[in-house]
There are 2 protein chains.
Amino acid sequence: MDYQPTGGVSWSQDWDPTTTITIKVKEQLHCETSPYQKLEFFDSETYGRFFTLDGLMMVNEKDEFVYHEMISHVAMATNPGIKRILIIGGGDGGTSRELARYGSVEHIDMVELDERVVRLCQQYLPYTAGHLEKEDRIDLHFRDGCKFVEEADDESYDLIVVDSTDPIGFGEGLFTKAFYENCYRILSDDGILVNQHESPYYAFHVHGMKRAYQRLDEIFPIAKVYQYHMPTYPSGHWLFGFASKKLDPIDDHYPEVWESLHLKTRYYNSNIHKGAFALPNFVLENLK
Amino acid sequence: MDYQPTGGVSWSQDWDPTTTITIKVKEQLHCETSPYQKLEFFDSETYGRFFTLDGLMMVNEKDEFVYHEMISHVAMATNPGIKRILIIGGGDGGTSRELARYGSVEHIDMVELDERVVRLCQQYLPYTAGHLEKEDRIDLHFRDGCKFVEEADDESYDLIVVDSTDPIGFGEGLFTKAFYENCYRILSDDGILVNQHESPYYAFHVHGMKRAYQRLDEIFPIAKVYQYHMPTYPSGHWLFGFASKKLDPIDDHYPEVWESLHLKTRYYNSNIHKGAFALPNFVLENLK
């Protein structure tokens, strides 16, 4: 990642060791290094305001809706009875914004290690974090997610969303077996876990994808993967994992209930719900 | 597009006016300007050999299979009786390679304006063009595609594949109403047309997508759009159009016949066939 404050003002991310994406920016709004990572906020013409962690694109105004709708609504449409939710990571607020749209949700615990992510997103990204101050069903916990699930009571959540960065550095604990075993234990009988599942294209992400799937498949009776188009993440071909004790995202999908809620979405719909689980052969082979 | 022969050797393409993708290359294998366009061939670590026209990525070894499988097999699995095929464009050979895998196909006319595209792909890209010399069911015509369909007999093809570049310059004729009217006329009663349908993400491609769809929808009783992940094209979120006189790609999809052929594919399968027609809401709204 290079921000060049003079001349051609631009931001870059290496998608793999030989591929770089460069975005012209209007200005850098903020830059700071927390105890955990480097946080930067930019404004741009095409992507609006965007937010990066250690030089990696996290959220931008143009396509964050794809990620946050797909990480949220697939589970909610499979089990419309979800009431108690745990979000691990997700400090930008986008995931809790989507989940808080359901009146039936009673409580959301959001566990984000780095408080500065939340505070700066509240300041610079009202489109993902603006609801956090107003929403009294959301409790913020600035703690390590692995510790949090270790200490949580059995069967205390209906949905866990692991909205994490890549499996490097302090995000690595969220890709371990111990973490997923605790997630299983603290989920209710019809509980669902959705996790950020990396990408099947560049070698680094393929490695993360395989690890993520291995964990789910070892521990949960149902472990599936679904895909979506996320143009500002490396390759644009990204995945989420869906794991549960008994609910299947296709067999137990009753679109009528979700559709009766009349939630306006820009990416997700009942056809996408089903279609996203149809994976290309090269992805299926890598998940074997 | 900039090829910098000294220092960091790289190739770049602007995906939109503020976004650039840059790929490190090992070497430029060839560069020439035909009467129609600038043709360049590179070798790279991540993408193998790749081919660009006027600075736009056309084909590379890493992900060409996605494009060529998806432009070919959806139609063939909807109507396994396809025998006579017309390909407009497609000079790299990848589309005819996939279609020639069907023993049931009797004849393929491939109409490419620029003979140099075919000849140089035969020289530099054996993975897409290697079969052209050996395959006697394929006739090459180095002519304007619009003229070709104007002069072709009524109902002379079962499948037309419009494997074109973006709707600019001499590719523009392939996005006109007159062209699609002729395609309709020369298609058999159960004929299918598949066209390169641009992308729903960046403004320039959204414009092309709307035009492409308008043409199909005006002329064909059935006009649908399907999506795929193509990481090396701008945004990675790309579309094909499917149009026909009477066959529907979902209602008339009988996967058993296609699966009985045991064609090995790396992206396409019968689930992807159905799933690819599930489009995000923002795409559906742009197609209205």
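This report walks through a predicted model with chains A and B.

## Reading the model

Residues count from 1 along each chain as its sequence is written, while chains are lettered from A and ligands numbered from 1 in the order in which they are written. Because the model is predicted, local features need pLDDT of at least 70 and side-chain atom pairs count only at pLDDT 80 or more, but totals for chains, interfaces and linings use all residues.

## Confidence

The average pLDDT (the predictor's confidence in each residue, from 0 to 100) is 94 for chain A, and 95% of the residues score at least 70. For the complex, the predictor gives an ipTM of 0.95 and a pTM of 0.96.

Take care with residues 1-7 of chain A, where pLDDT stays under 50. Where pLDDT is low, the predicted coordinates should not be read in detail.

## How the two chains relate

## A look at Q37(A)

Is Q37(A) buried or exposed? Q37(A) counts as buried because it has 20 C-beta neighbours inside 10 Å (buried: 20 or more other C-beta atoms within 10 Å; exposed: 12 or fewer; partly exposed in between; C-beta atoms are placed from the backbone).

Q37(A) and G55(A) are 18 residues apart in sequence, and their C-alpha atoms are 9.6 Å apart in space.

Technical notes: Copies are superposed by least squares on the C-alpha atoms of residues with pLDDT of at least 70 in both. Two residues are in contact if their C-beta atoms, placed from the backbone, lie within 7 Å.
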